[in-house]
Amino acid sequence: MATLAPSPIHVRPFDAPLGADIEGVDLQRLDDAGFAAIKQAWLARKVLRLRGQDIDDDALADFSRRFGNLDRSPISTTGKLYQPTRPEVLVISNIIVDGVAIGGLGNGESIWHTDMSYNPVPPDASVLYGIEVPEGHGDTWFCDMEAALAALPEALRQRIATLSCLHDSTRNSAGELRAGFKESYAPEDQPGAVHPLIRTHPETGRKSLFLGRRRNAHVVGLPLAESQALLDELWSYAGRPEFTWVQKWRQGDVVIWDNRCVMHRRDEFDQGLRRLMHRTQIQGSKPF
Ligand code: SIN
C-alpha cells in the first residue's frame, strides 16, 4: 500500500509584528522536515499557533522535546505538583474539584511576564495546549520585546546597555505567593535571578528588552527610587498595542512562544467558566 505524503505546511503570519498560524500539521504525525519548517517559522515569528490538535501529555511532551530538553514546571503555591507523575507538564486551570484547584493561575488576570525568568537559566520556550477553553474569554496576549527595544530612544538604550535587573521569584504572574517564600523582603534580599536588561537571542543574534515581570524587580546597583523610575520608563514601552498579538483560544490550539524575545499575559475570566490548559517549558541557556 502506498504511504501518503505529508500534507504541505503553510505559515500564515498574523497582521501583527509577531505570531503566525501553522497549517497542515498534525502533531501526532510530525516528521523531521515538518519540524524544521516549524522551527524556522518560530524563530522568524516568535509565536506560533497550531489549531485543531488532539494530543495527550505524551504527544505534547514529545513535540516540545524536539525544541530541547524539558524543564520542570514552576513551583506552585502549595509546593506540590499538579501532576506528580508528569513534573514537566504544568496544569493551568481555574477548575476546582472537591475544593482543591487542579491547576495554577486560577481565573484572574495574569500580568505581563516571561516564564520562569526568576531562574538563572530560564526556559527558551513554552508550549501551551488548550484542552478545555471558554471561547471568547481568557485571551492570552503576546508582546514582541525586540520591537519594544527598537522603540527606545537611543539615550535610554545606551543607558541600559550594561545594566542588569533582578527578576523576582516569590510570586507567580497571578500575584500568588509561591510555596517557601515570605510575604515581603528587603530589596537587597529579594529572591530571584539577575539578567541583563538587553538580551541577545542565541540563535538569531537579535536583541530584546528583557524585563521578566515588574513586581519586585530591581535594577542592580541603582538606588531604589532611581531603579523604580527607570523600570517604569522601560515598562511604558512593553505591552504597547502596536507590539502585541492576542490569542483567542479554541479547544485544540497549541501555541508555542519564544521566552527570549516575547512576554505574555492573560485576561481574567469569569470563575463560572471552565478553562484547562497544559504547558511544557523547554530548557534554555543563561541570558547574555
Ligand atoms: C501562562 O502564563 O503561561 C498562562 C497563559 C494562559 O493561561 O493563557
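**Entry 1: K46 and E146**

I looked up the side chains of K46 and E146 and found that they meet in a salt bridge (3.2 Å, N to O). K46 lies in the loop between α1 (32-45) and β3, and E146 in helix α3 (residues 145-151), so the pair ties together parts that are 100 residues apart in sequence. I counted a salt bridge where a side-chain nitrogen of Lys or Arg is within 4 Å of a carboxyl oxygen of Asp or Glu. Helices (H or I, at least four residues) and strands (E, at least two) are DSSP runs, numbered from the N terminus.

I note that the model is predicted: local features need pLDDT of at least 70, side-chain atom pairs count only at pLDDT 80 or more, and totals for chains, interfaces and linings use all residues. Residues are numbered from 1 along each chain as its sequence is written, and side-chain values use heavy atoms, with hydrogens and water left out.

Are K46 and E146 buried or exposed? K46 counts as buried at 5% relative accessibility, and E146 counts as buried at 12%. Buried means under 20% relative accessible area, exposed over 50%, and partly exposed in between (1.4 Å probe, protein chains only).

**Entry 2: Other salt bridges**

I recorded a count of 23 salt bridges. One of them joins the side chains of D21 and R49 (2.7 Å, N to O). D21 is in strand β2 (residues 20-23) and R49 in strand β3 (residues 47-50), 28 residues apart. D21 is buried, with a relative accessible area of 13%, and R49 is buried, with 8%.

I then examined E132 and R274, whose side chains meet in a salt bridge (2.6 Å, N to O). E132 is in strand β9 (residues 125-132) and R274 in the loop between β18 and β19 (276-282), 142 residues apart. E132 is partly exposed at 27%, and R274 is partly exposed at 47%.

I also found K39, D124, E203, D258 and R260 linked in a network of salt bridges.

**Entry 3: Strand β18**

How many residues of strand β18 (residues 262-266) are buried? I found that 5 of the 5 are, so the strand is largely enclosed by the rest of the structure. V262, H264 and R266 point one way from β18, and M263 and R265 the other way.

I checked the partners of β18, taking two strands as paired if DSSP finds at least two bridges between them. Strand β10 (residues 140-144) runs antiparallel to β18 and is joined to it by 5 bridges, with W141 opposite R265. Strand β8 (residues 110-113) pairs with β18 in the antiparallel sense over 2 bridges, and S110 stands opposite R266.
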